[in-house]
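Biologist: Before we look at anything together, could you take me through a model feature by feature, giving the general idea each time and then the case at hand?

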There are 2 protein chains.
Amino acid sequence: MTNESDLPVVQLTPGRWGDPSHPVQLPTAARDALKHLGVKHPTPPRDETPGDAARGTATGGAPAAAEDRPGLTGSQLNFLSMVVGSQYVASDLDSRWAHTRGYSTTDLLRFRAGDTSDMPDAVVYPASHEEVQNLLTSAAEHDLAVVPYSGGTSVVGGLAPTRRFITVDLHRLDHLVDLDEISRTATFQAGVRGPAAEALLAERGYTLGHFPQSYEGASIGGYAAARSSGQSSAGYGRFDQMVVGLTLATPRGTIELGRAPMSAAGPDLRQLVLGSEGAFGIITSVVVRIRPRPTERHFEGWRFESFDAGLAAVRRLAQDGPLPTVLRLSDEVETAVNLADPDVLGGGSGGVLAIIGFDGPYNQATAGVLTAAGGENLGEGPGETWRTGRYRAPYLRDPLLDEGALVETLETAAFWSRIPALKAAVTEALVGALSATPPLVLCHISHVYETGASLYFTVICAQTDDPVEQWRTAKRAANQAIADAGGTISHHHGVGTDHRDAYGAEIGPLAVEALRAVKTTLDPDAVTNPGILLPEGD
Amino acid sequence: MTNESDLPVVQLTPGRWGDPSHPVQLPTAARDALKHLGVKHPTPPRDETPGDAARGTATGGAPAAAEDRPGLTGSQLNFLSMVVGSQYVASDLDSRWAHTRGYSTTDLLRFRAGDTSDMPDAVVYPASHEEVQNLLTSAAEHDLAVVPYSGGTSVVGGLAPTRRFITVDLHRLDHLVDLDEISRTATFQAGVRGPAAEALLAERGYTLGHFPQSYEGASIGGYAAARSSGQSSAGYGRFDQMVVGLTLATPRGTIELGRAPMSAAGPDLRQLVLGSEGAFGIITSVVVRIRPRPTERHFEGWRFESFDAGLAAVRRLAQDGPLPTVLRLSDEVETAVNLADPDVLGGGSGGVLAIIGFDGPYNQATAGVLTAAGGENLGEGPGETWRTGRYRAPYLRDPLLDEGALVETLETAAFWSRIPALKAAVTEALVGALSATPPLVLCHISHVYETGASLYFTVICAQTDDPVEQWRTAKRAANQAIADAGGTISHHHGVGTDHRDAYGAEIGPLAVEALRAVKTTLDPDAVTNPGILLPEGD
């Protein structure tokens with residue numbers, strides 16, 4: 001069985017997930033299905049983007065037009081070279097283009113359109129906390145704004161600040177600094193990517209257990225900065241629940257937090273840094289709780305008559321246990337779309353698919369709860385299908401866009417009593433906003449708590465002539481529906497720039513002011529991630 | 001079996017825990033034991049305190065000397081009456097004295113000395129969030145500083161601000177506002193005390209499961225403001241882990257937080273308010289996770305050869321489970337002191353006592369882990385003894401002080417690998433600082449996490465002529481030892497004024513500045529709890 005620690009770190013390329021020399025093909029059945037949505041090719045195919053055309057490359061080189069932009073001054077480049085060494089300062093177009101934006105559908109569409117508006121002026125590669133601290137300490141003096149970058153996997157505009165900037169790529173901060181086997185904690189530098197962290201821990205017999213869909217590309221620092229939650233959250237918790245300590249470099253200096261698992265010494269400031277998305281500074285290392293690596297794993301599928309029936313079952317497990325490590329429930333539409341073989345659900349009789357997974361021994365008591373709630377055990381087949389495809393979705397989006405489909409995801413969370421109305425409201429809002437290109441709206445629950453759960457939506461429809469604006473309209477309608485139905489604007493994607501206004505409305509203007517006061521204290525010249533999380537000040 | 005929901009709210013009286021008409025007697029054996037510590041009567045017995053003598057009362061009436069202090073102006077009293085109604089404004093001496101300080105040993109000693117320096121100028125009793133908000137909104141305009149008060153059980157100087165003030169007593173905010181059985185959440189107003197909250201939930205078949213030693217006196221709002229942790233934290237978690245939403249009235253307006261159990265929409269601001277100890281405003285209601293009320297409970301004692309052996313066992317349970325609801329481990333000294341009957345440990349053969357408790361069925365697997373780790377099951381006897389005495393310690397402190405003993409507690413937490421050295425360092429510091437009156441230093445672990453645990457110390461020795469200064473010296477030494485050994489300054493008592501400097505050193509000056517920026521934003525005139533948690537600004 002493939003383990004997460006055996007997976008390679010994904011080859012990051014701008015505007016496309018995965019290795020461009022091994023493009024993913026869309027299954028023929030899927031291509032046929034798109035026709036029913038009215039999908040045709042409205043955007044230029046990839047090898048005709050302005051940028052590629054200009055440079056005669058189809059592998060993601062930057063548009064030549066960008067070379068017209070003024071670069072950094074000699075004095076700025078000198079400063080950067082002084083701090084990290086000249087070989088670790090890149091101002092060439094390809095390096096800059098490779099660090100432009102993240103992986104939201106809007107990002108991919110802008111990439112395809114050759115839009116260089118969010119391109120950094122340079123990329124620097126510090127190798128230590130001290131180098132990061134020195135960059136931040138003197139950034140304002142050299143009139144530089146910075147964006148921290150390690151996985152680059154933001155899907156909420158977290159890499160597109162509101163001012164010109166340089167990118168601080170953290171991938172050289174790639175060490176496991178300490179492993180405390182008595183306390184079961186590991187100290188990682190921020191740039192360690194998911195598979196690398198698991199491989200480092202596996203050598204010692206441990207696992208972190210954090211497997212978000214971005215696992216192959218994202219990093220420890222990014223998980224922390226964005227309050228990531230992984231597919232095994234029912235067993236291992238969210239990333240912010242794994243963090244027991246962290247080091248934050250800010251323009252005003254370094255903050256180190258976490259002397260104990262829990263404390264009553266004031267507010268939990270770790271939870272103020274977790275989710276701050278680079279707005280207060282750059283997280284350079286994180287101390288996480290680790291666990292012994294499991295010696296066995298089990299995944300299986302279960303069928304319920306309806307989403308409502310499945311919802312009652314997963315709520316029962318979330319509230320009374322025993323929880324598996326992985327617990328997911330697809331709704332009717334997602335179940336129908338994602339199952340290549342409808343026989344999996346027992347003769348195509350409809351219903352919905354749930355997945356449970358155990359890191360460790362199979363727990364019959366969990367299965368007993370599902371059976372008592374009306375679930376039908378489908379065995380390991382669907383479980384293994386899910387497991388082997390669990391990081392697959394980001395790879396499929398590119399060929400879907402190639403075909404002319406618009407495909408994007410959004411997510412929220414709420415207390416259990418609000419979940420049904422929230423799901424209906426978001427679905428209705430998306431269908432209404434996209435009525436010109438009737439969409440499929442898929443939904444699943446993939447993170448549960450005693451008091452509530454997340455809802456994750458996938459939207460697929462035909463692209464219009466202006467797919468960026470098309471999605472903006474749909475997203476705005478979904479955001480309003482989430483707010484009106486009492487959900488949070490993000491369960492695990494974060495705020496970035498895309499959710500900034502909705503986030504401000506969610507916590508209210510006074511709380512925004514309090515956060516801005518923190519930012520102003522730690523980053524008085526607004527050099528780190530300006531406009532991300534919080535609007536730029538006056 | 002007595003349940004927590006059957007316990008009465010403790011009768012709060014100034015300077016003494018419990019009902020003064022039913023004073024607690026110290027066991028004769030304990031009184032004899034104190035002689036070995038050199039304890040004699042160095043302070044005036046209770047009925048000879050200056051205040052009591054002046055007023056001719058032995059039940060805690062305020063010293064008459066305090067009447068010399070200037071009171072509130074007519075304009076100030078008018079304002080308070082306008083907001084809460086004149087019948088809910090108390091400026092009489094007894095009301096004010098009854099709200100003076102909390103229940104640290106230093107507080108009790110100052111009470112006995114008739115020290116009125118921290119007495120409020122008036123006490124107001126608002127009945128709603130709106131009244132609290134109106135008080136805060138206009139407090140600065142009327143030159144008033146306020147201290148929120150509900151249980152009054154602070155042991156860290158959390159009720160003694162650095163300026164003259166009025167007390168906002170929240171006990172009229174005593175409603176269960178909402179109970180969402182689907183989400184398993186309950187919304188309580190801040191003034192609901194522990195037993196009242198449990199009784200309200202018990203009517204509906206639920207429990208909160210939060211049982212700190214201050215349970216009988218403390219309130220929901222206080223639990224939240226001070227990041228309380230209860231004796232059943234192994235099963236129910238800390239109070240800050242139970243909170244999913246809250247409402248904070250600040251001088252700048254109201255903040256409402258918590259749309260979902262967890263969110264990636266920015267930092268978790270609930271965790272910024274939890275532990276803020278009134279420095280940002282007054283928490284007026286809290287949404288907490290609740291659970292079905294258990295139908296059975298089991299408590300039992302276990303013996304281990306040594307604290308180190310017991311430590312290994314509780315760490316095993318904390319890291320690999322299955323955890324009981326209650327898990328405690330006394331060290332050799334605490335075991336010896338607390339056991340009236342040494343035969344409990346199997347013939348007085350030494351060793352240490354652990355207590356486990358289950359809300360729900362007894363778990364043989366837990367017992368199996370303890371047995372495998374060398375534990376000897378002592379049965380339900382010691383478990384029930386602990387259970388029935390679990391709220392007893394605060395009652396015993398008063399007669400101990402009456403006898404001339406100095407008795408106080410302090411606590412910390414750290415990662416597991418640091419626990420042994422931390423315990424040794426704090427003990428050594430206390431013994432060293434109190435060498436003129438050789439102390440007994442008792443220690444236990446009562447809160448465990450995967451990555452670490454709390455340490456709780458009880459110190460007993462003879463009082464010197466100046467016991468306040470005597471304890472200040474000892475506490476300073478202990479704080480330094482905690483800092484040097486990498487512990488946090490408080491696991492569940494909080495910061496108040498007593499830990500303010502140590503707290504500042506723990507999080508560092510930049511983090512203090514960030515918190516001060518939050519305070520200045522929400523409370524620009526420093527009207528709420530000035531000098532508590534954070535030093536007063538310039």
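Modeller: What follows is a walk from the overall fold of one chain to a few local features. Please keep in mind throughout that this is a predicted model.

Biologist: How many helices and strands does chain A have, and what does its radius of gyration say about its shape?

Modeller: Chain A comes to 20 helices and 18 strands. The radius of gyration is read against a rule for globules: a compact globule of 538 residues would have a value near 24 Å, and because chain A has 23 Å, it agrees with that rule. Along the principal axes, the C-alpha trace of chain A spans about 70 × 55 × 45 Å.

Biologist: What fraction of chain A is buried, and what share of its contacts joins residues 24 or more positions apart?

Modeller: Of the 538 residues in chain A, 63% are buried. Among the contacts in chain A with a separation of 6 or more, 75% are between residues 24 or more positions apart. As for the surface, chain A exposes about 18,800 Å², of which carbon and sulfur atoms supply 51%. The charges can be summarised by their mean positions, and in chain A those of the 42 positive and 64 negative charges are 1 Å apart.

Biologist: Where is Leu317(A), and which residues does it contact beyond its neighbours in sequence?

Modeller: Leu317(A) belongs to helix α12, residues 307–320 of chain A, and it is buried, with a relative accessible area of 0%. Leaving aside neighbours within four places in sequence, the contacts of Leu317(A) include Pro322(A), Leu327(A), Thr366(A) and Val369(A). Thr366(A) is 49 residues away from Leu317(A) along the chain, yet their C-alpha atoms are separated by 7.3 Å.

Biologist: Is Ser228(A) buried or exposed?

Modeller: Ser228(A) is buried, at 8% relative accessible area, although its place is in the loop between α8 (220–225) and α9 (233–236) of chain A. Not counting residues up to four places away in sequence, Ser228(A) touches several residues, among them His210(A), Arg238(A), Asp240(A) and His492(A).

Biologist: Which residues in chain B have a positive phi although they are not glycines?

Modeller: Asp143(B) is one of them, with a phi of about 55 degrees; its place is the loop between α6 (129–139) and β3 (146–149), and at 65% relative accessibility Asp143(B) counts as exposed. Arg227(B) also has a positive phi of about 55 degrees, in the loop between α8 (220–225) and α9 (233–236) of chain B, but Arg227(B) is buried, with a relative accessible area of 1%.

Biologist: How many disulfides does the structure hold?

Modeller: A disulfide is a covalent bond between the sulfur atoms of two cysteines. The structure holds zero disulfides over all chains. Cys443(A), for instance, is in none, and the nearest cysteine sulfur, that of Cys461(A), is 17 Å away.

Notes
Residues numbered from 1 in each chain as written. Chains lettered and ligands numbered in written order. Predicted model: local features only at pLDDT ≥ 70, side-chain atom pairs only at ≥ 80, totals over all residues. Heavy atoms only, no water. Disulfide = S-S within 2.5 Å. Helix = DSSP H or I, 4+ residues; strand = E, 2+ residues; numbered from the N terminus. Rg over C-alpha atoms; globule rule 2.2 N^0.38 Å. Buried < 20%, exposed > 50% of the residue type's maximum accessible area, 1.4 Å probe, protein only. Contact = heavy atoms within 4.5 Å. Areas by Shrake-Rupley, 256 points an atom, 1.4 Å probe, with all protein chains shown as cover. Lys, Arg positive; Asp, Glu negative; His and termini not counted. Charge placed at Lys NZ, Arg CZ, Asp CG, Glu CD.
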